[in-house]
Amino acid sequence: MNFQKTLKATLLGASLAVIAATGASAKTLVYCSEGSPEGFDTALYTAGTTFDASSKPLYNRLVEFKLGTTEVVPGLAESWEVSEDGLEFTFNLRKGVKFHATSFFTPTRDFNADDVVFSFERQLNSEHPWHEYTPGTSWEYFNAMSMPDLIKEIVKVDDYTVKFVLNRPEAPMIANLAMDFASVLSAEYAAQLDSAGTKEQLNQQPVGTGPFSFVGYQKDAVIRYAAHADYWDGKEALDNLIFAITPDAAVRLQKLKAGECHVMPYPSPADLDDIRADSNLTLMEQQGLNVGYLAYNTQVAPFDKKEVRKALNHAINKQAILDAVFQGSGSAAKNPLPPTMWSYNDAIQDDEYNPELAKEMLAAAGVENLSMKVWAMPVQRPYNPNARRMAEVIQADFAEVGVDVEIVSYEWGEYLSRSKDVERDGAVLLGWTGDNGDPDNFLAVLLGCDSVGGSNRAQWCNEEFNSLVQKAKTVSDKAERTKLYEEAQVVFKEEAPWATIAHSVVFMPMSSKVTGYVMDPLGGHSFKGVDIAE
Amino acid sequence: MLRFLLGRFGLLIPTFLGVTLVAFSFIRLLPGDPAELLAGERGISPERKAEVMAQLGFDKPYWQQYIDYVLGIFQGDLGISFASKKPVLDEFLTLFPATAELALCAIILAVCIGIPAGIFAAVKRGSFWDQTIMGTALVGYSMPIFWWGLLLIILFSGILQWTPVSGRISLLYFFPQVTGFMLIDSLLSGQKGAFLSAVQHLILPSIVLATIPLAVIARQTRSAMLEVLGEDYVRTAKAKGLGPSRVVGMHALRNALIPVITTIGLQVGVLLAGAILTETIFSWPGIGKWLVDSISRRDYFVVQGGLLLIAGIIMMVNLIVDLLYGLVNPRIRHH
């Protein structure tokens, strides 16, 4: 079979590469990853596990998030200019950037504007020969970020200058271009595959400009990478990077303790004390860029009255939720933005837990014997590790103020679909993890008028809030945007379309031999700049 | 014998068609669709969702999708995985050797321990040994695989450090997959220590996966032996003055093995079901975990193709068992 022959040839070549790199002094870091990547062409996918294995080690973007922050810094573009009207973004590309030389591809030229145009045009242009290069190709993240509506055209000005022309001003555009789907691939490699009639290999044998090059993947078992010797930002201290795919959290921890891997993600909350007590391990932690919430349906009585929503918010004991559901790995949320996000309005006071006040407010709003549904997600998410338990705590809290709660749940796909219904019965537990570190990615996506019937599960369209958020989208001055978003958060708090519940804390256990690891607030796992003591 | 063989093969065709229909319907009966799950919390507009479903061919009427699917099977095309964009058959062939290797080791372990244990318990009927063996078998049969696997990892890999925690071979070894069977490939690689490492990695998952079949085989062997040991011909053999080992080993065991072989054949389904959990605990890259992941992301082609292939394997094993049964028991093939 063709595929098997190719795989064997790759592995054979790859094994030689590894043998060459695994000399006496070669440094190898093993990461016990939580799942398998779906493929290696990042733009085809939306899952963080796939991004960790593809875009983070293998590729670069025009702009990058500075490690450990959501600040956008130059990547493959050394600099950029935005036109006065906010419609043209011109990028000056870095020179001398090399693509990976592997057993299956030897680049004959450096990175240039053709690669940028190829990487985006294939997603944007339905007539592009690579738009549907494998069956079922869909550029879901590109679409979810409204890129097809936003980008008018991508122009190669010269070999080292590319211009993005937009249909409307969009301040978060730069942050969008630092996202995983915006990874830049080699147009030369694509042409080679095209002429060989093996286009699908673009997703199986990746070539990028990133800090590590692809060596081999044994499905569901191991992914191997080698340091990119000609990396434009300097060769990594590690010689080899290995992802050992280990789906179970308890087993990942056993492997870490046994020295079979050096870093693991997503420990079980129950194991945190054990990890802290182990002198051979280090436990890093960081506030996640996420929010878990309970969205009322603001279009259905009595939740169309802000007094009722506010009263219910006063009935929720967030501390009890943090104890029961997050087991110490969360913090109470008062805003729809996480505290690590720029423009977070810390001056806002949270609705205090006060069942007596809640009862009075419900009575004042003329609500008696209220019965409602609370939807509990059937899956675990960082912003809500146990939605059923959370719903039970809320049920008990609401019972205390005379509100009868029925907990409902559906299969995940069905849950996502039904919860979008504008006539939905009940309040929905859901949450969000930031894509690009821009407040617009929370406020407009989750609470904007355009998202009603979609990702705005509160079905809330408030003119004042919406105009503030829309205005902030068109302004490029960060200070001015910050002011607008702070005001929008005030409106949100007064109107209470959600009960903001919690932001989770993300933990990362690793061997104490590992140095230089920086946690990514956007939830990714990157090994750039990491070293390991002998 | 020929009629017996033809009869058995003839039964495979309707069974196979039934499996295609069940596999096809099962995944579509589940609520949720791949487009919605792919978009996650971000959501997907109805227009975009329709586009994605059309791209995947899921906008066609069910009967048409089913006919396409069955026609594809006859051309050796089980479709393309929605997630990995690779042909389902290629993925199956890449992953199946890992499951087969594990299942084979587990069934060998279960047979090698289960049959002698069952015989011993039957011969020592009612004794302390009988009760201990049958009690242990009952515990083994009732053991939740997930818990049992973790317990073994914590004890043997964590505390005693006798075995590796998970995986198929140490990450130090890297060689091309020739057969997909790690024991064979490690030998072919010629790398020093690779075979030993592969064996070490097989120990715990084999024990975990063998636990339930071992218990079943031991219990079945015991009851079959007890039945046979009470037969007149066994009494005659004893009366002739044959030694206990000849009576049990030559006369009783051969007849007692008939139901045991059937039981062993039926364990193939149990092994493949058990492999799902065992593979998850031991990070074993086989078809069990692949199928579970595909069900959760509604990867229709993988689920229907994977189920069909697994059902095909179980049918083939059952056919072989039927044939073996016919060889061991001549009455069956003349029936």
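Begin with residues 256-282 of chain B in this predicted model: the span is 96% helix and 0% strand, and its end C-alpha atoms lie 35 Å apart. Next, select residues 194-217 of chain B, where the chain is 100% helix with 0% strand and the end C-alpha atoms are 32 Å apart. Both spans are among those that an unreviewed UniProt entry lists for chain B as "transmembrane region", together with residues 6-27, 102-123, 143-162 and 302-328.

Now move to chain A and display the open sheet of four strands, whose order is S4-S5-S7-S6 and whose pairing is antiparallel. Strand S4 (77-82) and strand S6 (151-158) of chain A have a single partner strand each, so at these edges one side of each strand lacks a neighbour in the sheet. On average, and with direction ignored, neighbouring strands of this sheet are turned by 20° against each other.

Within the sheet, select S5 (residues 88-93) and S7 (residues 161-166) of chain A, which pair in the antiparallel sense over five bridges; A:Asn92 has A:Thr161 in S7(A) as its bridge partner.

Finish at strand S8 (residues 212-218) of chain A: seven of its seven residues are buried, so the strand is largely enclosed by the rest of the structure. S8(A) pairs with strand S9 (residues 222-227) of chain A in the antiparallel sense over six bridges, with A:Phe212 opposite A:Ala227 in S9(A). Three residues separate S8(A) and S9(A) in this hairpin, and A:Asp220 in the turn has a positive phi of about 65°.

Definitions and conventions: Residues are numbered from 1 along each chain as its sequence is written. Chains are lettered from A and ligands numbered from 1 in the order in which they are written. This is a predicted model: local features need pLDDT of at least 70, side-chain atom pairs count only at pLDDT 80 or more; totals for chains, interfaces and linings use all residues. UniProt positions are given in the numbering used here, feature names are shortened, and annotations may be inferred rather than shown by experiment. Helices (H or I, at least four residues) and strands (E, at least two) are DSSP runs, numbered from the N terminus. Two strands pair if DSSP finds at least two bridges between them. Axes are lines fitted to C-alpha atoms, for helices over the stretch in contact, and angles run from 0 to 180 degrees between N-to-C directions. A residue is buried if 20 or more other C-beta atoms lie within 10 Å of its own, exposed if 12 or fewer, and partly exposed in between; C-beta atoms are placed from the backbone.
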